[in-house]
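Q: Please take a close look at the core of this model and at one helix that contributes to it. A connected account would be welcome.
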Amino acid sequence: MVKQKTLPIWHGQKKEQAWEETIAQQLFQKTHKWSIPKDRQLVTLSGLCAEDGKLLSGCEYDRATRSFDGRKPIISDPSQFVGIDYDPEIIKANRKVCPDAKWLCGDFYESLCILLSENNLSPLVVNADFTCMPAAGCGYLASIMNLLSFCPGPILLVGNMVLSFCHVRNTTIDEAVDSLYKEENFKAAMNSGWVLDDEWYWYKGTGKSGGTCMASLIFFKK
Ligand SMILES: C[S@@+](CC[C@H](N)C(=O)[O-])C[C@H]1O[C@@H](n2cnc3c(N)ncnc32)[C@H](O)[C@@H]1O
């Protein structure tokens, strides 16, 4: 049985609001549609979506498959959802409650490489929902972006990172973007047509202390 102690539940009202702004609204802004066409995927660092053998209300799979505030669900078929997590317990629990979605246990970037090599990667939305600081996350995000350049068609990539943690370490968004621009993978991706939105999103992390500041950067390629 899956226990909350060992498997952190990331969702909550703040997370849902951030997801609504950075995924649903951004998808609409960029494509003028609320839903992903059936032949395209939502690929995400899913986290835990199940508890006690039931779908967790407000988890990412739930958010992706339900209507909200009058808008249509982001995906209309479970097979469009590709959830990746390197925690096998999370994948096992998620697979049990949503057997028709695609659940991959492994590193996010490596899983994307495998999907691409198998010709099974066709995302319209990629949610790189990381909780690392820019120093550790920018190189990784840049490699994801460069890899996605090899997928044809438009892609919305949402890159999340932690700017400050427990009021101790702080990085500004400008420093984070500067770090990205130093990455060769990022430069290559930008040369292949990716655009970084001028606007970025800031929100407080879901931890009880409220000391974590998260940032979402929005990238789009046509
Ligand atoms: C922030 S949570 C995801 C929350 C989810 N997207 C949501 O909106 O509810 C982070 C999850 O990512 C997983 N994770 C972190 N880094 C990863 C990586 N490089 N590859 C695969 N999974 C990773 C962790 O195990 C954790 O379950």
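How many residues does the largest nonpolar core have, and which of them have the most contacts inside it?

A: The model is predicted, so local features are taken at pLDDT of at least 70 and side-chain atom pairs at pLDDT 80 or more, while totals for chains, interfaces and linings use all residues. Numbering runs from 1 along each chain as its sequence is written.

The largest nonpolar core has 58 residues, and those with the most contacts inside it are Leu42, Ile74, Val125, Met145 and Leu157. Such a core is a set of buried Ala, Val, Leu, Ile, Met, Phe, Trp, Tyr and Cys residues joined through C-beta atoms within 7 Å. Buried means that 20 or more other C-beta atoms lie within 10 Å of a residue's own, exposed means 12 or fewer, and partly exposed is in between, with C-beta atoms placed from the backbone. In soluble globular proteins, nonpolar side chains tend to be buried together. Beyond its neighbours within four places in sequence, Val125 is in contact with Ile23, Leu27, Ile36, Leu42 and Leu156; contact requires C-beta atoms, placed from the backbone, within 7 Å.

Helices (H or I, at least four residues) and strands (E, at least two) are DSSP runs numbered from the N terminus. Helix α5 spans residues 134–148, and its 15 residues reach 20 Å from first C-alpha to last, close to the 21 Å expected, a value given by 1.5 Å times one less than the number of residues.

Within α5, Leu141 is buried because 27 other C-beta atoms lie within 10 Å. Apart from neighbours within four places in sequence, Leu141 is in contact with Ala128, Gly159 and Leu180. The C-alpha atoms of Leu141 and Phe130, 11 residues apart along the chain, are 9.0 Å apart.

Leu180 belongs to helix α6 (residues 173–181) and counts as buried because it has 25 C-beta neighbours inside 10 Å. Setting aside neighbours within four places in sequence, Leu180 is in contact with Cys138, Leu141, Ala142 and Phe186. Its C-alpha atom is separated by 9.6 Å from that of Tyr140, 40 residues away along the chain.

Phe186 also takes part in the packing of α5 against helix α7. The axes of α5 and α7 (residues 184–191) come within 8 Å and cross at roughly 35°; axes are lines fitted to C-alpha atoms, for helices over the stretch in contact, and angles run from 0 to 180 degrees between N-to-C directions. The crossing is left-handed, that is, the near helix is turned anticlockwise from the far one by less than a right angle. The contact involves Ala142, Ser143, Met145 and Asn146 of α5 together with Asn185, Phe186, Ala188 and Ala189 of α7. By class, the α5–α7 contact has five nonpolar, three polar and no charged residues, where Ala, Val, Leu, Ile, Met, Phe, Trp, Tyr, Cys and Pro are nonpolar, Asp, Glu, Lys and Arg charged, and the others, Gly among them, polar.

Conventions:
Two residues are in contact if their C-beta atoms, placed from the backbone, lie within 7 Å.
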